[in-house]
Amino acid sequence: MQRRVIPPREGEKNLVDYEEVRKNFSFREGEKFFTWSRTGKANIIYEALEKHVAEGRGDSSALYYSDGQRRENYTFAQLAELARKFTGVLHSLDFRKGERLAIFLPRSPEWYVTFAGTVRAGGIVVPLFEAFMEEALYDRLADSGARILVTAPELLPRVPLERLPQLEHVIVTGEEGLPGTLSWQEEMAKAAPVAEVTWVDLEDPYLILYASGAEGVPRGIVHVHYGMVGHYLTAYWVHDLRPSDVYWCTADPGWITGIVYGFLAPWMHGVPVVIRGGRFRAEDWYRTLAEYRVSVWYSAPTAFRMMRQEEHLLAQYDLSSLRHILSVGEPLTQDVLDWCLEKLGLPVYDTWWMTETGMNIICQLPALPLKVGSIGKPLPGIECTVLDDEGREVGPNRIGHLAIKKGWPAMFRAVWNNEEKYREYFRFDPWFVSGDAAYYDEDGYFYFQGRVDGVINTSGERVGPAEVEKKLVEHPAVKDAAVAGKPDPLRGEIVKAYVVLETGRELTAELMEELRNFVKTGLAAHAAPREFEAVGAVPRTADGSIDRKKLREWVLGLSKPD
Ligand code: PRX
């Protein structure tokens, strides 16, 4: 098939010859960029933050934060000092290496300080996305066994503290202390900074991030300090980062992108990051790009489309500082690419990866011809393939399971408390099976073809259908429910629910609103179905589980509910 191709970018770029670097590349070569390769003392936060202070770059900018009310800038030295204080807070609570601390905060400087202070103390952070409600919070807090929770006064009421006996301390930001909790500000004010970093084994975990699968509760994806090798190199090759850049990754730190590329990887390169708090508004985003003179911008197709809806604002802002734009999380459609080319004068480079992979895996690269519609090629050091249902490689131009040969540096090392789930990903050892369908062409470019398993991707956010179904059937009007992702021109997919109602109930506009709110307030806003349809029965396979293939046919209009 003839595809549109955009030629490689001219001029300076970090990765100049993909084929040459790819030949015999081993990630071990990346270890030399880290102080631990000389000192033997490792901690990912040391490499992201404190190293810059130790090496005389402490006065460089690290974080430009703004939201409707606050506007704060921090240097590496200032952030390192705050992180040391937060470590002091943790020491006063007798928090030890390997223990879990959950962060349930809106985007704010406190988020990043808490993360850094915890990880440099050898702790494991469990980020909780700001939109989570009681059930979603309970599942994650209970499974992770977090002993400390850092949250905000407006979010605290959603946390079912009475059901979480292992949670010993709740630290709340904001000036006012709340009964039974500690005040973040007060604890920080009285804490003695702890200068020593807790050195760890490179295989020790620092992060558990919950990711939804098709069935059951979300899995705690465990990441270890060694992942930094992958973060550093991908930020160099794919994001093309240089010390003179200002980098803005728009993802929330409740998700992997907002952590790895939101701050860890750029900081390892000494590059300042922009963090914009508050809700999305196209105008704020245009202003943010212009005001901070963002040069490298990492965002997602739904966001680009929302910006396009208000493109009349473009003329008011000088975006000439932009030199590299990347996308992640959902299919990068051609209309988005064309819009960026036309209005911003730059192509968008797609990047494919997952919470489980911990780093970019298959990417469009400035040095390669950009085949429109492809997600790009596997990065140096990474081998990808496509497998059939029996785990056999199928060769080019055949759709199957997208798989990665195990052993890349930021690969997840476990599913918390669930060895069996971890092994399932590697059922075709040595391949990690992603859950995505894909094919590759004769030139080795990969093409994403949707999920295999019914996991929904709405506005780039991963929603497990089973979690939504479980919530819906708790409602007294719903006897049974099945949800699927329905293609949507703005959000990629929306959550559509097929419901079997109790006798005598009717799917009125009021009931739909009530069900939507029920999921929104019980689970999470982004997981709430935008569309409902009443059906006589939910399709099931012989073993009684929901027939996701059939559901897919329904949402695509290929077949109809009986
Ligand atoms: O289906 C793929 C989709 O997002 C899933 C991973 O979601 P999550 O773990 O939340 O991580 C999001 C970003 C790292 C994948 O299984 N996905 C990711 N990147 C792309 C994508 N779909 C299409 N194109 C992409 N570039």
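Mentor: Let's start with a term: a residue is buried when its relative accessible area is under 20%, exposed when over 50%, and partly exposed in between, using a 1.4 Å probe and protein chains only. Keep in mind that this model is predicted: local features need pLDDT of at least 70, side-chain atom pairs count only at pLDDT 80 or more, and totals for chains, interfaces and linings use all residues. Residues are numbered from 1 along each chain as its sequence is written, and side-chain values use heavy atoms, with hydrogens and water left out.

Trainee: Is Cys363 buried or exposed?

Mentor: With a relative accessible area of 0%, Cys363 is buried.

Trainee: How many disulfides does a search of the whole structure find?

Mentor: A disulfide is a pair of cysteine sulfur atoms within 2.5 Å. Here the search finds zero. Take Cys363: the nearest cysteine sulfur belongs to Cys384, 9.7 Å away.

Trainee: Now the ligand: how many residues surround it?

Mentor: A residue counts as near a molecule if one of its heavy atoms lies within 4 Å of it. Here 18 residues surround the ligand, and the closest are Thr351, Thr355, Asp436, Arg451 and Arg462.
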